[in-house]
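Here are my notes on this model, as numbered points. Please read them with the structure open.

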Amino acid sequence: MNLLISGGGTGGHIFPALAVWKALKQLNPDSQCFWLITRRGEGRILEREGLEYYELPVQPLQVRPGSVSTLLQSCVQALRILQQRKPTACLGTGGYASLPGILTSLTLGVPVVLLEQNVLPGKATRFLSPWAYAVCVSYPETVQYLPERARIEVTGNPIREEVRKTGRTEAGAHFGLRDETLHLLISGGSQGASAINHAVVNAFETGARLPHFQHFRVREQVEILHQTGSADEEVIKKAWREMGISAVVKAFFDDMPLALASADILIGRAGASTLAEMATQGLPSILIPYPYAGGHQEENARYFEKHSAAVVILQKEGWEKKLTEALWMLLTDENHRTKLSERVKALARPQAAEAIARFLLSVG
């Protein structure tokens, strides 16, 4: 197989496709692939993996003047590349970055398989799905949002293999965490989230003063991994230090799969990759959907809430108080954590990457 992977713009579009490629390579070592991506820097991820890629000037269509012309320019470049490389199938990861490779593949008669990670499919997936060979979706609920003529495969969302293969003790030791403590992972996404950063710090300060939680020795029983984003890194480090709570604070975790593998509780956004990896780990969580993601993250979070598999808090008036109550319940109630863990793990599809890889091999 000679696979074109079209898409990028964010790690959330790169990492699932990378997991599929690794699974496909294990199934068929003779397979080859190349990527069409944006110029936003995701090439660094592919370089670390030793993969070939081409950068295109494509931009978000709704953001900048001239984005339509850059899409056309990107399609012309993609056409030349595909005529030279002759792929036997195309995996499109969704979003504007995937459009040149997908549109060009359809023009040349190359079978296209779309990867849709969210409950609510994006515009590119909804528009292109009738012409694609198939759409691989993460959730059964996604089917209702796609055209009837689209061929849909419910596969789950591919996850990074490090999340599946690393144990809690080994991953915790990587960060210097003690095995006997509760490990709390806080992440507002790859850029951090200032509102979540400060709300969690305040939740610890407030909760520790509540009478019914004073028996809980937080300094002795909890250690924290906190991805803050660059703007808040130093102030959050200082806050945890002043509270006497052991915390590993970084602007960005390059080793996020290990952070997830080490965690006992997650507080974070509701991006599709985070949720898939969280489910595989069976992590009890508090999900705070990013309010400016076009409803995608809220729909993702609601799926888990519907199955009583996560606590969901919308970032609206009074949300900080709800976060404090939910956090301290998770910290102090082991039975609550166990139930959430069992329910979320029941929703996991840890073999998603292999399922999509096998499907691609049957196509191309």
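**Notes on the predicted model**

1. The open sheet. Seven strands make up an open sheet, ordered β3-β2-β1-β4-β5-β6-β7, with parallel pairing. Its edge strands are β3 (53-55) and β7 (152-154), and each of them pairs on one side only. From one strand to the next, the twist averages 20°. Keep in mind that this is a predicted model.

2. Pairing of β1 and β2. Strand β1 covers residues 2-6 and strand β2 covers residues 32-37. Five bridges join them in the parallel sense.

3. Helix α3 lies across β1, β2 and β3. Its direction is at about 175° to β2.

4. K86 sits in the loop between α3 (67-85) and β4 (89-92). Its phi is positive, about 50°, although K86 is not a glycine. Is K86 buried or exposed? K86 counts as exposed because its relative accessible area is 59%, and the cut-off for exposed is over 50%.

5. Strand β5. Strand β5 spans residues 112-116, and five of its five residues are buried. In a regular strand, side chains alternate between the two faces of the sheet. Here both faces are covered. V112, L114 and E116 are buried on one side, and V113 and L115 on the other. Note that E116 is on this buried list. β5 pairs with β4 in the parallel sense, over three bridges. One of the contacts to inspect is C90, whose bridge partner in β5 is V112.

6. T104 in α4. T104 lies in helix α4, residues 99-108. Its relative accessibility is 5%, so T104 counts as buried; the cut-off is under 20%. What does T104 touch, leaving aside neighbours within four places in sequence? The contacts are C75, A78, L79 and L82.

7. The largest nonpolar core. This core has 34 residues, and F204 and W240 have the most contacts inside it. At least two residues each come from β8 (182-187), α8 (194-207), β9 (222-227), α10 (233-243), β11 (265-268) and α14. Helix α14 gives the most, with seven residues.

8. F204 in detail. Which residues does F204 touch, not counting those up to four places away in sequence? The list is L184, V218, V222, I224, W240, M243, I245, L327, W328 and L331. W240, named above for its contacts inside the core, is one of these partners.

9. T324 in α14. T324 has its place in helix α14, residues 319-332. T324 is buried because its relative accessible area is 10%, and the cut-off for buried is under 20%. Apart from neighbours within four places in sequence, T324 is in contact with A203, T206 and G207.

10. Helix α12. Eight of the ten residues in α12 (residues 272-281) are buried, and the helix is mostly covered. The buried residues are A272, S273, L275, A276, E277, M278, A279 and T280. E277 deserves a look, as it is on the buried list. G282 follows α12 and has a positive phi, near 65°.

11. S308. This residue lies in the loop between α13 (296-306) and β13 (311-312). S308 has a positive phi near 50°, in a residue other than glycine. S308 is partly exposed, with a relative accessible area of 38%.

12. The chain as a whole. The chain has 16 helices and 13 strands. Its radius of gyration is 21 Å, which agrees with the value near 21 Å for a compact globule of 364 residues. Along the principal axes, the C-alpha atoms fill a box of roughly 70 × 40 × 40 Å. Buried residues make up 55% of the 364.

13. Contacts and surface. Take contacts between residues at least 6 apart in sequence: 64% of them join residues at least 24 apart. The accessible surface comes to about 16,200 Å². Carbon and sulfur atoms account for 49% of that surface.

Notes: Residues are numbered from 1 along each chain as its sequence is written. This is a predicted model: local features need pLDDT of at least 70, side-chain atom pairs count only at pLDDT 80 or more; totals for chains, interfaces and linings use all residues. Side-chain values use heavy atoms; hydrogens and water are left out. Helices (H or I, at least four residues) and strands (E, at least two) are DSSP runs, numbered from the N terminus. Buried means under 20% relative accessible area, exposed over 50%, partly exposed in between (1.4 Å probe, protein chains only). Contact means heavy atoms within 4.5 Å. A nonpolar core is a set of buried Ala, Val, Leu, Ile, Met, Phe, Trp, Tyr and Cys residues joined through side-chain atoms within 4.5 Å. Two strands pair if DSSP finds at least two bridges between them. Axes are lines fitted to C-alpha atoms, for helices over the stretch in contact, and angles run from 0 to 180 degrees between N-to-C directions. The radius of gyration is taken over C-alpha atoms; the globule rule is 2.2 Å times the number of residues to the power 0.38. Accessible areas come from the Shrake-Rupley method with a 1.4 Å probe; for residues, only the protein chains shown count as cover.
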